[in-house]
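Dear colleague,

I am handing over the structure that we spoke about, and below it you will find my notes on what came out of it. Please read them with the structure open beside you.

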Amino acid sequence: MLKFSLGQDISKVNYEIKEIGEDIEINITGGEIRIGGVGLVSGGVYNILSVNDHKEFELIQPIADRLKKYTELNILITAGIHIDEITLDEIKEILENNKIAIDKIDKYLTSEYELFHEFN
């Protein structure tokens, strides 16, 4: 399991990566926690579903795109962030921090699974 947060105050986003058997679940939360979108990565492809009027796919899609190389894993990504009166700069900060999170998650998965699988 890996847990970390990025950002401060209103822009703080929490990431939790845990094993569900041989599969992986990634939860992304911040502000008022809810479900805004989900992604499923499996066999080198991914699908994303979003709740109406939610933009969490902007966090899920780049993660799914990076992690699709783990063809031996099924990865469920859930994201739910609600922040009243968020500014454009705060949104940009969250999206920039998500890039850092993607690197951390990728490194974690590589270190956990490189002994058992070959990843491209």
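**What was found**

Of the 120 residues of the protein, 37% count as buried. Please keep in mind that this is a predicted model.

To begin with the overall build, the secondary structure comes to 2 helices and 6 strands, and these elements follow one another from the N terminus in the order β-β-β-β-β-α-β-α. The radius of gyration is 14 Å, which agrees with the value near 14 Å that a compact globule of 120 residues would have, while the C-alpha trace spans about 45 × 25 × 20 Å along its principal axes.

Two residues deserve a look for their backbone angles. Most residues other than glycine have a negative phi. Asp9, however, has a positive phi of about 50° although it is not a glycine; this residue sits in the loop between strand 1 (2-6) and strand 2 (13-20), and it is exposed, with a relative accessible area of 72%. Glu85 likewise has a positive phi, of about 55°, and is found in the loop between strand 6 (74-82) and helix 2 (88-113), where its relative accessibility of 77% makes it count as exposed.

Finally, the charged side chains. Side chains of opposite charge can pair when their charged atoms come close, and the structure holds 7 salt bridges. One of them joins Lys18 to Glu25, with the closest N and O atoms 4.0 Å apart; here Lys18 is partly exposed at 26% relative accessible area, whereas Glu25 counts as buried because its relative accessibility is 16%, and buried means under 20%. Another salt bridge brings together Glu32 and Arg34 at 2.6 Å, N to O, with Glu32 partly exposed at 43% and Arg34 partly exposed at 31%.

In helix 2, Glu96 and Lys99 meet in a salt bridge of 3.0 Å, N to O, and they lie 3 residues apart, about one turn of the helix. Elsewhere, salt bridges that share partners join Arg66, Lys69, Asp103 and Asp106 into one network.

How values were computed
Residues are numbered from 1 along each chain as its sequence is written. This is a predicted model: local features need pLDDT of at least 70, side-chain atom pairs count only at pLDDT 80 or more; totals for chains, interfaces and linings use all residues. Side-chain values use heavy atoms; hydrogens and water are left out. Helices (H or I, at least four residues) and strands (E, at least two) are DSSP runs, numbered from the N terminus. The radius of gyration is taken over C-alpha atoms; the globule rule is 2.2 Å times the number of residues to the power 0.38. Buried means under 20% relative accessible area, exposed over 50%, partly exposed in between (1.4 Å probe, protein chains only). A salt bridge is a side-chain nitrogen of Lys or Arg within 4 Å of a carboxyl oxygen of Asp or Glu.
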